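Q: I am new to this structure and would like to learn how to read its metal sites and its pockets. Could you take me through them slowly?

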Amino acid sequence: AKASGPHRYLVFTPALRTVLEDRWQIASRLREAAANGEFAVRWQPVVDLRSGEVTGAEALLRWNHPQRGLIPPEEFIPVAEENGLIVPITRWLLQVTTAQATAWAREGLDLAIAVNISAVHLASGTLVDDVLGAVGDNGLRTTGLTVELTETSIARDPEQAVEQFSVLRKHGIRVAIDDFGSGYSSLSAVASLPVDVLKVDRALVAGAPPKRLAAPEAILRAVSALGSALGLQVLAEGVETVEQVDRARRVGCAFAQGYQLSRPLAAEHLSGLLEDSRRR
Ligand code: C2E
Ligand code: CA
Ligand code: CA
Ligand code: CA
C-alpha cells in the first residue's frame, strides 16, 4: 500500500508499539523496583566558585533494572509521573537523602543537599508533609535541604507553587528554580516567586556556537545579574569546560555544577573525595 501522508501508518509502526510496550513494562516493573532495592542515588557536587570548595550536592535518581541495566531518569520519571508513582518514589528518596546528609554531618561533612521534585508531587498536596516528615525523621537541619522544581513545573500552577514554597521556606527549607532559561517564564514571574536559588540551565551556560562569541557571556551575565538583584543565589548548571567555569565565575554566578567539576558520584565516593581534600 502506498502512504498518502507521512503520518498515515503512525499508530501501527512496530517502533511505536515497542515504545508503548516499553512504557507499559517500565510502569509495571516500577512498582516493585523500590521494594526490590533497585533504586540508587548519585550525588553531583555543588562548588562554591569563589572558594572552590564543595558546599553541597544534588541527589540524582538511578534505576538499576535487573534485566536492562541502568535506566536513565528521562525514561522512567515521565512514566512514574503518569501513574503517580513519582510521589512514593520521591518520599523514599527524601528519606534516604536526608538520612545520608545526617550521616555526613556526623562525620563532620557539612553538605547542603538538593532533591528534585516533580510537578505531580506539587499538585498531590502531600509535598510539604513529605519534605518536613523526612527532615524530622532523620534529624536534619531544615536549612540543609533544598527542593528543586523546574521553571516549567512551577508554571503549571504558580499559585499552588507560591503557597507551598512559602510554607516550606517558613520552616527553613530552601527552594530552587531548576533549568531556568529552558522554558518561557518571564522575568517578572520569577521575581514574584518565594525562592532562594536560581539554577541556570546548561544551554544558557554553554552558550551559542562560536560564531557569536559575545552572546553567551552577555546572556549569562544578564541572567546572573537578574538573579542577584532578586536576592537569589545563582548556580550555573552543566559546566563542561574550564572556559565555562571561568565564564560563570566572571559573570557573577556564586555556584556551579557540571562534569568539569565532577560527575555525579556514589555517596561513599563523594565523602571520600571531600575527606581527601581536607587532609591535604
Ligand atoms: P536535572 O535536575 O537538571 O539534573 C542535572 C542533569 O544533568 C543530571 O542528569 C546530571 O547528571 C546532568 N549533568 C550534570 N553535569 C552535566 C554536564 O556537565 N554536562 C551534561 N551534559 N550533563 C550534566 P540525570 O541524572 O540523567 O538526570 C536528568 C534529569 O532527570 C534531571 O535533570 C531531572 O530533571 C530528572 N531527575 C533525576 N533525578 C530525579 C529525581 O529524583 N526526581 C525527579 N523528579 N527528577 C529527577
Ligand atoms: Ca535538578
Ligand atoms: Ca537542571
Ligand atoms: Ca533537567
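**Metal sites and pockets**

A: Let us begin with D179, which is partly exposed, with a relative accessible area of 25%, where buried means under 20% relative accessible area, exposed over 50% and partly exposed in between (1.4 Å probe, protein chains only). This is a predicted model, in which local features need pLDDT of at least 70, side-chain atom pairs count only at pLDDT 80 or more, and totals for chains, interfaces and linings use all residues. Residues are numbered from 1 along each chain as its sequence is written, chains are lettered from A and ligands numbered from 1 in the order in which they are written, and side-chain values use heavy atoms, with hydrogens and water left out.

Q: Which residue bridges the calcium ion (ligand 3) and the calcium ion (ligand 2)?

A: That residue is D178, and the two ions lie 3.9 Å apart; D178 is buried, with a relative accessible area of 5%.

Q: What are the protein donors of the calcium ion (ligand 2)?

A: They are E58 (OE), N116 (OD1), E148 (OE) and D178 (OD), lying 2.2 to 2.3 Å from the calcium ion (ligand 2). Because E58 lies in strand β2 and D178 in strand β6, the pair ties together parts that are 120 residues apart in sequence, strands being DSSP runs (E, at least two residues) numbered from the N terminus.

Q: How is a pocket read, and how many residues line the largest pocket?

A: Rolling a probe the size of a water molecule over the atoms shows where empty space is left. On a 1 Å grid over the protein atoms alone, a pocket is an open set of points where a 1.4 Å probe fits, with protein on both sides within 12 Å along at least five of seven lines, and lining residues have an atom within 4 Å of a point. The largest pocket holds about 1,200 Å³ of space, and of the 36 residues that line it, E58, L60, E74, N116 and D178 are the closest to its centre.

Q: What is the volume of the second largest pocket?

A: Its volume is about 350 Å³, a volume being the space filled by probe spheres set on the grid points, which are joined across faces, edges and corners. The second largest pocket is lined by 24 residues, with V46, A112, T146, R174 and Q233 nearest its centre.

Notes
Donors are N, O and S atoms within 2.8 Å of the metal (3.2 Å for Na, K and Ca); water is not among the atoms, so sites may look incomplete. Helices (H or I, at least four residues) and strands (E, at least two) are DSSP runs, numbered from the N terminus.
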